[in-house]
Amino acid sequence: MKKKVPLSDVWDSSGEIRWGAVESNRQASNLPVDAKVDEQLCSWESSSSSETVENDDCTSKFEPKEIESSTWEYDGFLLKLATDIGNRLVYAFNTASGIPYGTVNLLHGIPPQETTVASLAGAGTLTLEFELLSRLTGNLKFGKAAKLATRALWVRRSQELNLFGKHIDVKSGKWVEYLSGIGSNSDSFYEYLVKHHILFPDDADFWTMFVNVYSGIHDNSRLGEWYVDVDMG
């Protein structure tokens with residue numbers, strides 16, 4: 001049997017998560033679910049003397065609470081929440097370059113004093129979530145914005161070496177840090193190129209981007225068994 005579970009049955013008034021449906025046969029350790037023991041009815045003598053337990057009085061109180069076995073039918077509320085936050089985050093992509101700001105206020109949009117400098121990882125690590133949201137909702141704007149940001153970063157790579165800087169100005173589209181590497185502020189950008197290809201192979205250019213970027217890193221950032229930061233130029 002399936003039943004709808006209203007939101008009020010998921011969170012209580014204080015914001016704590018309620019337990020969902022529980023199968024009546026589930027056990028914790030070796031005790032029945034919701035077993036209750038009235039200790040006053042259990043007679044235990046000191047271990048220094050002969051131990052005596054009134055087993056009948058104790059065990060008879062371990063009565064499992066009967067709970068109707070049921071399955072929670074998902075009603076889509078998580079997708080509604082994801083769409084809501086997606087609509088709030090998408091304002092970050094409203095730049096001349098298509099590369100998003102690093103911060104967006106979920107209530108008011110881009111903060112007035114927000115810096116125009118974004119990291120490679122921050123700006124280019126959004127396609128998995130946003131493209132999936134587009135495919136689940138049918139609203140293409142989420143995936144389109146995130147993929148445009150990745151492609152905008154791609155065309156600004158070092159053409160000769162296939163390397164990227166670590167920070168870029170989202171308005172001018174110019175790099176403000178030319179140091180290139182696979183560590184902080186960069187690593188997940190490369191990761192998302194290959195993961196996007198695996199999840200969404202119809203976006204064929206992501207594999208092309210990954211192969212070229214991998215080649216650039218291997219040829220220009222590798223020093224023995226290590227990968228080091230280098231100048232992207």
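The exercises below, each with a worked solution, concern a predicted model of a protein.

**Exercise 1. The overall make-up**

Task: State how many helices and strands the protein has, and what share of its residues count as buried.

Solution: Start with the secondary structure, which comes to 7 helices and 11 strands. Next take burial: of the 233 residues, 33% count as buried. Then turn to the contacts with a separation of 6 or more; residues 24 or more positions apart account for 61% of these.

**Exercise 2. Helix 4 against helix 5**

Task: Describe how helix 4 and helix 5 pack, and list the residues that meet.

Solution: Two quantities are needed, because two packed helices are described by the angle between their axes and the distance between the axes. Helix 4 covers residues 127-137 and helix 5 covers residues 141-154. Their axes are 7 Å apart, and the angle is about 155 degrees. Angles over 145 degrees count as roughly antiparallel, so helix 4 is roughly antiparallel to helix 5. The crossing of these two helices is left-handed.

Now list the residues. Helix 4 contributes Thr 127, Phe 130, Glu 131, Leu 133, Ser 134 and Thr 137. Helix 5 contributes Lys 141, Phe 142, Gly 143, Ala 146, Lys 147 and Thr 150. Sorted by type, the residues of this contact give 4 nonpolar, 5 polar and 3 charged.

**Exercise 3. Helix 6 against helix 7**

Task: Give the angle and axis distance for helix 6 and helix 7, then sort the residues of their contact by type.

Solution: The axes come within 8 Å and cross at roughly 145 degrees. The crossing is left-handed. From helix 6, the contact uses Tyr 190, Leu 193, Val 194, His 196 and His 197. From helix 7, it uses Phe 206, Trp 207, Met 209, Phe 210, Val 213 and Ile 217. Sorting the residues of this contact gives 9 nonpolar, 2 polar and no charged.

**Exercise 4. Aromatic pairs**

Task: Classify the ring pair of Phe 189 and Tyr 190, and then the pair of Phe 210 and Tyr 214.

Solution: The structure holds 9 aromatic pairs. In one of them, the rings of Phe 189 and Tyr 190 have centres 5.5 Å apart and planes at 75 degrees. Planes over 60 degrees apart count as edge-to-face, so this pair is edge-to-face. Both partners are buried: Phe 189 has a relative accessible area of 1%, and Tyr 190 has 9%.

For Phe 210 and Tyr 214, the ring centres are 5.9 Å apart and the planes lie at 40 degrees, so the pair is tilted. These two residues are 4 residues apart in helix 7 (residues 205-220), which means a separation of about one helical turn. Phe 210 counts as buried at 17% relative accessibility, since the cut-off is under 20%.

Finally, ring pairs link Trp 154, Phe 164, Trp 175, Phe 189 and Tyr 190 into a cluster.

**Exercise 5. Two loop residues**

Task: Locate Ser 186 and Gly 98, and decide whether each is buried or exposed.

Solution: Ser 186 lies in the loop between strand 8 (179-180) and helix 6 (187-199). Its relative accessibility is 0%, so Ser 186 is buried. Leaving out residues up to four places away in sequence, Ser 186 touches Leu 120, Ala 121, Lys 166 and Gly 181.

Gly 98 lies in the loop between helix 2 (77-89) and strand 5 (117-119). With a relative accessible area of 6%, Gly 98 is also buried. Under the same exclusion of residues up to four places away in sequence, Gly 98 touches Phe 93, Ala 145, Leu 148 and Ala 149.

Terms used: Residues are numbered from 1 along each chain as its sequence is written. This is a predicted model: local features need pLDDT of at least 70, side-chain atom pairs count only at pLDDT 80 or more; totals for chains, interfaces and linings use all residues. Side-chain values use heavy atoms; hydrogens and water are left out. Axes are lines fitted to C-alpha atoms, for helices over the stretch in contact, and angles run from 0 to 180 degrees between N-to-C directions. Angles under 35 degrees count as roughly parallel, over 145 as roughly antiparallel, 65 to 115 as roughly perpendicular and the rest as oblique. A crossing is left-handed if the near helix is turned anticlockwise from the far one by less than a right angle, and right-handed if clockwise. Contact means heavy atoms within 4.5 Å. Ala, Val, Leu, Ile, Met, Phe, Trp, Tyr, Cys and Pro count as nonpolar, Asp, Glu, Lys and Arg as charged, and the others, Gly among them, as polar. Rings of Phe, Tyr and Trp (its six-membered ring) pair if their centres lie within 6.5 Å; planes under 30 degrees apart count as stacked, over 60 as edge-to-face and the rest as tilted. Buried means under 20% relative accessible area, exposed over 50%, partly exposed in between (1.4 Å probe, protein chains only).
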